[in-house]
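Have a go at each task before you read its solution.

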Amino acid sequence: MPMEKYLNTSIKEIINQFPEVADSLNEYNIGCTPCSVGSCLLKDIVEIHNLPADEEQELMARIAKVIYPDREVIIPEIKRKSETRPKEISYSPPMQKLVNEHVLIKRLVALIPEVIYNLDVASEEGRQVIIDSVDFIRSYADKYHHAKEEEILFKCFDENLDILKTMREDHEEARAHVKAMLEALDKKDKEAVSEHLNAYQELLTEHIKKEDEILYLWMDRSFSITQIGELFSKFNTRDEEFGDVPERCEEFINKLEEVVK
Ligand SMILES: [Fe+2]
Ligand SMILES: [Fe+2]
């Protein structure tokens, strides 16, 4: 069957050959076009996004029309690990924990435009705002949250999965922006500090959206009850190791909100 060949082709290759496919994916909120990796297969993308069956058929029909404009093509059904998604998003307890952690990270991310607006690299006080924000990013977003993902959650899956490679690359890119931010701060280079803050905001906004709306739900669909229990207990053990770090980080965000708003 002709469409089957394309189901097993990487999305980047398909978009290179048929750029209009990107528009169809965008309309269904499947943002493969800006993805830096793009090696996910079309069939995996369709499965991961878990569209309702009728929308999936519509999307596949549109892609088939782009690839084979002159002929009728039978659309093969994509095998799923579970049935269509429920109307309300609900997560298992361990994944809910990660979603809750995103809330605090998103509160920092939301403050970045104000931080940039008030940015003062000339005074010690001004520089301290960035140093403290970086400290939050490193202690909470990175060591506490991203490490939980990389060291525990992602290990439940094949590490070569493209979607996980993309997530790890986002984490690395975020770390690089933070490092560059501090270097720029040392040089009192206001423009470069703003650029990296901006880039961090954009990256994390998209990254968290991908995890909350796609990745975690897809992972949850593949977990057994035993795996969910194990994951939850591993997360709790990790939380204990961090003591009062999360509380202190939340206090910092409360204060920052008061200062910059
Ligand atoms: Fe992540
Ligand atoms: Fe995350």
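Predicted model: local features only at pLDDT ≥ 70, side-chain atom pairs only at ≥ 80, totals over all residues.

Residues are numbered from 1 along each chain as its sequence is written, chains are lettered from A and ligands numbered from 1 in the order in which they are written, and side-chain values use heavy atoms, with hydrogens and water left out.

**Exercise 1. Work out how many helices and strands the protein has, and how much of it is buried.**

Step 1: Run DSSP and keep helices (H or I, at least four residues) and strands (E, at least two), numbered from the N terminus. You get 11 helices and 0 strands, so the pattern along the sequence reads α-α-α-α-α-α-α-α-α-α-α.

Step 2: Get the accessibility with a 1.4 Å probe on protein chains only; buried means under 20% relative accessible area, exposed over 50%, and partly exposed in between. Of the 261 residues, 49% come out buried.

Step 3: Look at the contacts (heavy atoms within 4.5 Å). Among those between residues at least 6 apart in sequence, 81% join residues at least 24 apart. The C-alpha atoms fill a box of roughly 70 × 45 × 30 Å along the principal axes.

**Exercise 2. Find the donors of the iron ion (ligand 1) and classify its site.**

Step 1: Collect donors, meaning N, O and S atoms within 2.8 Å of the metal (3.2 Å for Na, K and Ca); water is not among the atoms, so sites may look incomplete. Glu149 (OE), His171 (NE2), His207 (NE2) and Glu211 (OE) turn up at 2.1 to 2.2 Å, with the spacing E-x21-H-x35-H-x3-E.

Step 2: Check the angles. Four donors are tetrahedral if all angles lie between 85 and 135 degrees; four are square planar and six octahedral if opposite donors are over 155 degrees apart and all others between 65 and 115; anything else is irregular. Angles of 85 to 175° among the 4 donor atoms make this site irregular.

Step 3: Place the residues. Glutamate 149 sits in helix H7 (residues 124–153) and histidine 171 in helix H8 (residues 162–186), so this pair ties together parts 22 residues apart in sequence. Both glutamate 149 and histidine 171 are buried.

**Exercise 3. Trace the polar contacts of histidine 102.**

Step 1: Histidine 102 lies in helix H6 (residues 93–117). At 1% relative accessibility, histidine 102 counts as buried.

Step 2: Search for polar contacts: pairs of N or O atoms within 3.5 Å, where within protein one must be able to donate a hydrogen and the other to accept it, and residues adjacent in sequence count only if both atoms are side-chain atoms. The side chain of histidine 102 pairs with that of histidine 145 at 3.0 Å, and with that of aspartate 212 at 2.7 Å.

Step 3: Look at the partner. Aspartate 212 is in helix H9 and, at 9% relative accessibility, counts as buried. Beyond four places in sequence, aspartate 212 touches Tyr91, Val99, His102, Lys106 and Leu217.

**Exercise 4. Check the length of H6 and find its kink.**

Step 1: The expected span is 1.5 Å times one less than the number of residues.

Step 2: A kink of about 35° shows up at leucine 111, shortly before proline 113.

Conventions. Bend = angle between axes of the 7 residues up to and from the residue.
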